[in-house]
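Please walk me through this protein structure.

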Amino acid sequence: MQKILVAHDGSKASDKALKKSIELALHMRGSLTILSVVPELYLTELTDVDRNKISESLTREATESMEKVRKSLSGKSIDVKTLVRQGDPAEKILETAQKMKVDLIVTGSHGRHGTKKFLIGSVSSKVVDYSKCPVLVVK
Ligand SMILES: Nc1ncnc2c1ncn2[C@@H]1O[C@H](COP(=O)(O)OP(=O)(O)O)[C@@H](O)[C@H]1O
Ligand SMILES: [Mg+2]
């Protein structure tokens, strides 16, 4: 069975990527893993306690958002799994893709906080550069 990994950061572009990957999973009768990465905080002015609190709250938010997405797909006949990881988004996407031996990674062209100045965002561009499997960047 073909395995698809889609990277979701809550942005409109990643919603488009998710929509596309659902179409592909249905078409290919493949399985779909939806991954949301909570970026590490590098704000040195924060205490460890504050950093942990913010991280926990971002992780909770990401988990809830993944749960919503999973529920919205429950009527469709796709094998769906959701994952929340912490760390560098591109690295976690690449690492998950390798560990799960996925056949395709799907990302949006842009993210939540980026600028449209670049043709594709920093995370999607790093994934395209370093991935060993095909990558679909949805525009
Ligand atoms: N934290 C994240 N977790 C999961 N996917 C992500 C994350 N950040 C970015 N992505 C994926 O990469 C795509 C492009 O985002 P990104 O490269 O971060 O653009 P920008 O530089 O505009 O923020 C997103 O649409 C999403 O598919
Ligand atoms: Mg981004």
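Begin with His-8 and its contacts (contact means heavy atoms within 4.5 Å). Leaving aside neighbours within four places in sequence, His-8 is in contact with Ser-14, Asp-15, Leu-18, Ile-34, Leu-35, Ser-36 and Met-66.

A word on the source. This is a predicted model, in which local features need pLDDT of at least 70, side-chain atom pairs count only at pLDDT 80 or more, and totals for chains, interfaces and linings use all residues. Residues are numbered from 1 along each chain as its sequence is written, chains are lettered from A and ligands numbered from 1 in the order in which they are written, and side-chain values use heavy atoms, with hydrogens and water left out.

Where does His-8 lie? It sits in the loop between strand E1 (3–7) and helix H1 (12–28). Helices (H or I, at least four residues) and strands (E, at least two) are DSSP runs, numbered from the N terminus. His-8 is buried, because its relative accessible area is 6%. Buried means under 20% relative accessible area, exposed means over 50%, and partly exposed lies in between (1.4 Å probe, protein chains only). The side chains of His-8 and Asp-15 are joined by a polar contact of 2.8 Å. A polar contact is a pair of N or O atoms within 3.5 Å; within protein, one must be able to donate a hydrogen and the other to accept it, and residues adjacent in sequence count only if both atoms are side-chain atoms.

Stay with helix H1, which also holds Ser-21. Ser-21 counts as buried because its relative accessible area is 0%. A polar atom of its side chain lies 2.8 Å from the backbone oxygen of Leu-18. Not counting residues up to four places away in sequence, Ser-21 touches Ile-4, Val-6, Leu-32 and Val-106.

Now turn to ligand 1. Which residues come nearest to it? Of the 21 residues around ligand 1, these are Ala-7, Val-37, His-110, Gly-111 and Val-123. Here, "around" means that a heavy atom of the residue lies within 4 Å of the molecule. Backbone N or O atoms come close to ligand oxygens. For Ala-7, the distance from such an atom to an oxygen atom of ligand 1 is 2.7 Å. For Gly-111 it is 2.9 Å, and for Val-123 it is 2.7 Å.

Next comes strand E3 (residues 79–86), the place of Val-84. Val-84 is partly exposed, because its relative accessible area is 22%. Its contacts, leaving aside neighbours within four places in sequence, are Ser-36, Val-38, Thr-59, Ala-62, Thr-63 and Met-66. Val-84 and Glu-64 are 20 residues apart in sequence, and their C-alpha atoms are 10.0 Å apart in space.

Finish with two loops. Most residues other than glycine have a negative phi. Arg-29, in the loop between H1 and E2, has a positive phi of about 50 degrees although it is not a glycine. Lys-101, in the loop between H3 and E4, also has a positive phi, near 50 degrees. Are these residues buried or exposed? Arg-29 counts as exposed because its relative accessibility is 70%. Lys-101 is exposed too, because its relative accessible area is 65%.
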